[in-house]
Amino acid sequence: MLARQKQEIDVAGVGEVVKAALVGVLLVLLGGCAAMSEQECLSTDWYERGVADGRAGHPSGRIDSYREACAGVEVRPDIALWQQGREAGLEEFCQLPLAVERGLNGYSYSRVCNDPNYDRLYHSARALGDVRDQIESIDAQFSAREQDLLYNKKLSDQQRQQLAIEIRNLDRQRDRARDDRGDAERQLDRLRDELGV
């Protein structure tokens with residue numbers, strides 16, 4: 001998961017709506033878990049807060065965290081304005097190309113989009129992203145063991161045999177994962193073709 005968060009997202013050629021939604025997602029990742037400070041409670045524009053939450057794909061229960069955070073300064077969130085803003089933000093978030101991007105990059109999804117095709121695309125892309133990560137992990141383990149076997153002169157014969165066994169097992173796992181990746185790529189391609197994404 002950390003490897004995915006460190007990846008740069010290339011948004012060249014992606015529509016403005018998708019770019020805005022990706023920016024919202026990145027801001028949420030960078031912003032941490034705090035819902036809002038007491039100072040923000042006093043000065044927030046609840047419509048704009050709702051738009052930001054919609055763009056980030058937050059579920060409707062997010063308003064409860066604002067209620068709790070703002071109770072100390074006796075501010076009550078304007079739920080109607082927040083919900084209107086969130087709906088506007090969700091229109092941007094729930095674009096089908098974003099489902100693919102979010103799935104491939106392993107982001108979570110709270111099932112906030114009404115279009116069932118968003119769910120289908122997200123889960124198909126997520127399956128592909130997960131198997132790509134699995135291959136990356138296996139490659140790293142394979143490489144580390146291979147380097148150890150080749151260059152660590154302090155290994156006993158028994159340790160060398162064990163490493164050789166682990167390398168063979170990892171090679172078989174990688175072959176299976178590559179087959180899974182091919183299946184996941186074909187499934188996502190078919191779905192994208194079907195939906196015109």
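Predicted model: local features only at pLDDT ≥ 70, side-chain atom pairs only at ≥ 80, totals over all residues.
Arg 120 counts as partly exposed, because its relative accessibility is 36%. (Buried means under 20% relative accessible area, exposed means over 50%, and partly exposed lies in between, using a 1.4 Å probe and protein chains only.) Its partner is Glu 194, and the two form a salt bridge with the closest N and O atoms 3.1 Å apart. This pair links distant parts of the chain: Arg 120 sits in helix H8 (residues 116–151) and Glu 194 in helix H9 (residues 157–195), 74 residues apart. Glu 194 counts as exposed, because its relative accessibility is 51%.

Residues are numbered from 1 along each chain as its sequence is written, and side-chain values use heavy atoms, leaving out hydrogens and water. Helices (H or I, at least four residues) and strands (E, at least two) are DSSP runs, numbered from the N terminus.

**Salt bridges**

Side chains of opposite charge can pair when their charged atoms come close. A salt bridge is a side-chain nitrogen of Lys or Arg within 4 Å of a carboxyl oxygen of Asp or Glu. How many salt bridges does a search of the whole structure find? The search finds 13.

| Pair | N to O distance | Separation in sequence |
|---|---|---|
| Arg 132 and Glu 185 | 4.0 Å | 53 residues |

Arg 132 is partly exposed at 39% relative accessibility, and Glu 185 is partly exposed at 29%. Arg 145 is partly exposed with a relative accessible area of 25%, and Glu 166 is partly exposed, also at 25%. Elsewhere, a network of salt bridges links Asp 139, Asp 171 and Arg 174.

**Nonpolar cores**

A nonpolar core is a set of buried Ala, Val, Leu, Ile, Met, Phe, Trp, Tyr and Cys residues joined through side-chain atoms within 4.5 Å. The largest one has 25 residues, and those with the most contacts inside it include Phe 93, Tyr 118 and Leu 188. Helices H6 (79–93), H7 (96–104), H8 and H9 each give two or more residues to this core. Which helix gives the largest share? That is H8, with nine residues. Apart from this core lies another of nine residues, among them Met 36, Tyr 66, Val 75 and Trp 82.
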